[in-house]
Amino acid sequence: MDVVKSRLQADGVYLNKYKGILDCILQSYQNEGLKVFFRGITINAVRGFPTSSAMFLGYELSLKAMKRDQTETNP
């Protein structure tokens, strides 16, 4: 879906190549085949792992800090 998102974002404001999401999917498949949807999957997976790890770590640390503040203010 990242390929479709990127193509729709790059689509012109006045000269629209695609009519919508489904049209973008169909045109991409017809012009480039099934492999077009797997383009860049490796780098996205490699990039996504550290990003998600940092996000969940930040969430857990902030949740722990909020719980600690709550118990200190409400004995």
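## E32 and its salt bridges

At 29% relative accessibility, E32 counts as partly exposed. In this predicted model, E32 forms a salt bridge with R7, with the closest N and O atoms 2.8 Å apart. This pair links distant parts of the chain, since E32 belongs to helix α2 and R7 to helix α1, 25 residues apart. R7 has a relative accessible area of 18% and is therefore buried, because buried means under 20%.

E32 also meets R39 in a salt bridge between their side chains, at 2.9 Å from N to O. Through shared partners, R7, E32 and R39 are joined into one network.

## A salt bridge within helix α1

The count of salt bridges comes to 3. One of them pairs D2 with K5, whose closest N and O atoms are 3.5 Å apart. Both residues lie in helix α1 (residues 2-10), 3 residues apart, or about one turn of the helix. D2 is partly exposed at 37% relative accessible area, and K5 is partly exposed at 40%.

## S28 in helix α2

S28 is found in helix α2 and is buried, with a relative accessible area of 1%. Its side chain makes a polar contact with the side chain of R7 at 3.1 Å. The side chain of S28 also reaches the backbone oxygen of C24, at 2.8 Å. Leaving out residues up to four places away in sequence, S28 touches R7, Y18, G33, V36 and F37.

## Confidence and annotation

The protein has an average pLDDT of 89, and 95% of the residues score at least 70.

Over residues 1-65 the chain is 71% helix and 0% strand.

Note on methods: Residues numbered from 1 in each chain as written. Predicted model: local features only at pLDDT ≥ 70, side-chain atom pairs only at ≥ 80, totals over all residues. Heavy atoms only, no water. pLDDT = per-residue confidence, 0-100. Helix = DSSP H or I, 4+ residues; strand = E, 2+ residues; numbered from the N terminus. Buried < 20%, exposed > 50% of the residue type's maximum accessible area, 1.4 Å probe, protein only. Polar contact = N/O pair within 3.5 Å; in protein donor to acceptor, adjacent residues only side chain to side chain. Contact = heavy atoms within 4.5 Å. Salt bridge = Lys/Arg side-chain N within 4 Å of Asp/Glu carboxyl O.
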